[in-house]
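Hello,

Here is the structure I promised to pass on to you. Please have a look at it first, and then read on for my notes.

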Amino acid sequence: MKTLAILVLCSLAVICLTSDASTGSQPVSDNPAQEGLFVEREQASTVVRQKRAAAELSLTQLESLREVCEANLACENMMDTSGIIAAYTAYYGPIPF
């Protein structure tokens with residue numbers, strides 16, 4: 001049983017070392033499989049915030065966003081085509097609630 005455990009640990013170590021050696025020699029930009037895998041933290045939090053906001057806004061909150069957006073003609077036009085969440089976010093930044 002001890003021999004099996006040692007053999008498994010050694011094989012895992014060899015796999016880890018060989019996989020690090022093969023990917024470590026290539027820069028990330030040259031490897032198309034890893035492009036787009038990670039995003040910046042600020043961009044990710046913005047996307048998550050927008051999705052969360054779209055799912056959890058009450059009618060009162062949506063009306064509040066609509067009133068702010070109606071004061072700007074360009075935002076109002078975008079609101080008609082893209083929706084209130086996209087228009088508000090494009091012109092005024094992240095939704096405050």
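**What I found**

Going along the sequence, the protein shows the pattern α-α-α-α-α. In other words, there are five helices and zero strands. Please keep in mind as you read that this is a predicted model.

Of the 97 residues in the protein, 13% are buried. The accessible surface comes to about 7,700 Å², and carbon and sulfur atoms account for 61% of that surface.

Let's begin inside. The largest nonpolar core is made of 10 residues, namely Leu57, Leu65, Cys69, Cys75, Met79, Ile84, Ile85, Ala87, Tyr88 and Ile95. At least two residues of this core come from each of helix H3 (59-70), helix H4 (73-82) and helix H5 (84-92). H5 contributes the most, giving four residues to the core.

Ala87 is part of helix H5, and it counts as buried because its relative accessibility is 0%. Setting aside residues up to four places away in sequence, Ala87 touches Cys69, Cys75, Met78 and Met79. Ala87 and Leu65 are 22 residues apart along the chain, and 9.4 Å separates their C-alpha atoms. The other one is Cys75: leaving out its neighbours within four places in sequence, Cys75 is in contact with Cys69, Ala87, Tyr88, Tyr91 and Tyr92.

The buried residues in H5 are Ile84, Ile85, Ala87, Tyr88 and Thr89. The structure also has one aromatic pair. Tyr88 and Tyr92 form this pair, which is tilted, with 5.3 Å from centre to centre and 40 degrees between the planes. Both tyrosines, Tyr88 and Tyr92, sit in helix H5, four residues apart, or about one turn of the helix. Just after H5 you will find Gly93, which takes a positive phi of about 90 degrees.

Next, the charged side chains. Searching the whole structure turns up one salt bridge. Its partners are Glu63 and Arg66, whose closest N and O atoms are 3.4 Å apart. Glu63 and Arg66 both belong to helix H3, where they are three residues apart, about one turn of the helix. Glu63 counts as partly exposed because its relative accessibility is 34%, and Arg66 is also partly exposed, with a relative accessible area of 31%.

Finally, please turn the model to look at its surface. Met1, Leu4, Leu7, Val8, Leu9, Leu12 and Ile15 make a nonpolar surface patch of about 780 Å². One of these residues, Ile15, is found in helix H1 (residues 2-24). Is Ile15 buried or exposed? With a relative accessibility of 53%, Ile15 counts as exposed, since the cut-off for that class is over 50%.

I hope you enjoy exploring it.

Best wishes

Conventions
Residues are numbered from 1 along each chain as its sequence is written. This is a predicted model: local features need pLDDT of at least 70, side-chain atom pairs count only at pLDDT 80 or more; totals for chains, interfaces and linings use all residues. Side-chain values use heavy atoms; hydrogens and water are left out. Patches are made of residues with over 30% relative accessible area and no salt bridge: like charges are joined within 9 Å, nonpolar side chains (Val, Leu, Ile, Met, Phe, Trp, Tyr) within 5 Å. Accessible areas come from the Shrake-Rupley method with a 1.4 Å probe; for residues, only the protein chains shown count as cover. A salt bridge is a side-chain nitrogen of Lys or Arg within 4 Å of a carboxyl oxygen of Asp or Glu. Buried means under 20% relative accessible area, exposed over 50%, partly exposed in between (1.4 Å probe, protein chains only). A nonpolar core is a set of buried Ala, Val, Leu, Ile, Met, Phe, Trp, Tyr and Cys residues joined through side-chain atoms within 4.5 Å. Contact means heavy atoms within 4.5 Å. Rings of Phe, Tyr and Trp (its six-membered ring) pair if their centres lie within 6.5 Å; planes under 30 degrees apart count as stacked, over 60 as edge-to-face and the rest as tilted.
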